[in-house]
Amino acid sequence: MIIVLRKDATDAEIEHVVEKIKNAGLAVHVSKGKERTIIGAIGDEEKLASLPFEALPGVEKAMPILKPYKLVSREFRKENTTFNVGGVVIGDNAVRVIAGPCSVEGEELLIETAKSVKAAGATVLRGGAFKPRTSPYDFQGLGLEGLKYLAAAKRATGLPLISELMDPRDVEMMCEHVDIIQIGARNMQNFRLLKEVGMTKKPVLLKRGLSATIKELLMSAEYIAAQGNSTIIFCERGIRTFETATRNTLDISAVPVLKEETHLPVFVDPSHAVGRWDLVAPVAKAAVAVGADGLMIEVHQDPENALCDGAQSLKPGKFAVLMEELKKVAVAVGRTI
Ligand code: PEP
Ligand code: MN
């Protein structure tokens, strides 16, 4: 149930509505916007059936939410949600680009990459310290050492950081080092992990699972929001299909579908979608054209010798060219980069 308060509702009136919901045994989520306050009642709506919310002082209207995802739905919040990540606003008119290597391999190399992606216009640095590899014999990431190199790259460039969390036991360590926590495709339905990041205040980038529907992706985000953390970025990164020409198949229409279904920002990761560096640029441009709020692109100084995902990584020079092209696409669709 969504309860929209009148513009002039007082704090006491808001509190009264909150109490009514709590007494019925449901959880409450209060969203105070510029214009008005919206209260979400989370739980079994049947229990609210006998409560005439619209008769309460300060209440403009009460609406049942028909979708299974509530806090993340457009029904709950009509305006786009924006939030600040280390000085960078996510979800506004500017398309934000996250760039950096698949995995952190060394301090100097990372700082060099960070400087070059920043010069090209990227606003967040990526780098995996814990890598979800298909084979246990492949490079698994540098762990805490990698997080320290990321922190050094942030000191050197000022770029906020994103890195993937795979284990609930690492939440605290991750929160200390990064600005955005990434939940990878393989963990999109690791509900324990989702609840853990939901209990933090860190923005979360949630990647779509390898074979997950858009509805399942939204439900996973709801797990995070239900714990109190609504700073979530969706990330379409390609799904498994019968097609083998590319690593995955980018579901380009997922972007406008998500923009319709949720008030939260939607990013696209063209690198993991296509798996080939030469296809990253055209797909990245398509993503901006179709309305993505941001991109996540893998960049490596020396892709041939990368420890992970070299085949899909752009060299800094190619990345800089792409950023220039993306600016034109952004302007064409009424946005900036
Ligand atoms: C990544 O971004 O490093 C990654 C492993 O991506 P995905 O979870 O989308 O496969
Ligand atoms: Mn990768």
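## Cavity

In this predicted model, the count comes to one cavity of 30 Å³ or more, a cavity being a set of points, on a 1 Å grid over the protein atoms alone, where a 1.4 Å probe fits but cannot get out. The space in the largest cavity is about 30 Å³, where the volume is the space filled by probe spheres set on the points, and grid points are joined across faces, edges and corners.

The lining of the largest cavity, formed by residues with an atom within 4 Å of a point, consists of Pro-101, Ser-103, Val-104, Glu-105, Gly-106, Leu-109, Leu-110, Thr-113 and His-300. By class, this lining divides into four nonpolar, four polar and one charged; Ala, Val, Leu, Ile, Met, Phe, Trp, Tyr, Cys and Pro count as nonpolar, Asp, Glu, Lys and Arg as charged, and the others, Gly among them, as polar.

## Ligand site

Ligand 1 takes the space of the second largest pocket, a pocket being an open set with protein on both sides within 12 Å along at least five of seven lines. Around ligand 1 are Arg-126, Lys-131, Pro-132, Glu-164, Gln-182, Gly-184, Ala-185, Arg-186, Lys-207, Arg-237 and His-272, each with a heavy atom within 4 Å of it, and this shell has two nonpolar, three polar and six charged residues.

Oxygen atoms of ligand 1 take part in polar contacts (pairs of N or O atoms within 3.5 Å): a polar side-chain atom of Arg-126 lies 2.8 Å from one oxygen atom, a side-chain N or O atom of Lys-207 is 2.8 Å from an oxygen atom, and a backbone N or O atom of Ala-185 also lies 2.8 Å from an oxygen atom. Taken alone, ligand 1 exposes 290 Å², of which the protein buries 96%, with areas from the Shrake-Rupley method and a 1.4 Å probe.

## Domains

The protein chain is divided into domain 1 (2-63) and domain 2 (83-332), with bounds from an automatic or database domain assignment. Taken over C-alpha atoms, the centres of domain 1 and domain 2 are separated by 36 Å.

## Basis

Residues are numbered from 1 along each chain as its sequence is written, while chains are lettered from A and ligands numbered from 1 in the order in which they are written. Local features need pLDDT of at least 70 and side-chain atom pairs count only at pLDDT 80 or more, whereas totals for chains, interfaces and linings use all residues, and side-chain values use heavy atoms, with hydrogens and water left out.

Conventions
Polar contact = N/O pair within 3.5 Å; in protein donor to acceptor, adjacent residues only side chain to side chain. Sits in = over half its atoms within 2 Å of the grid points.
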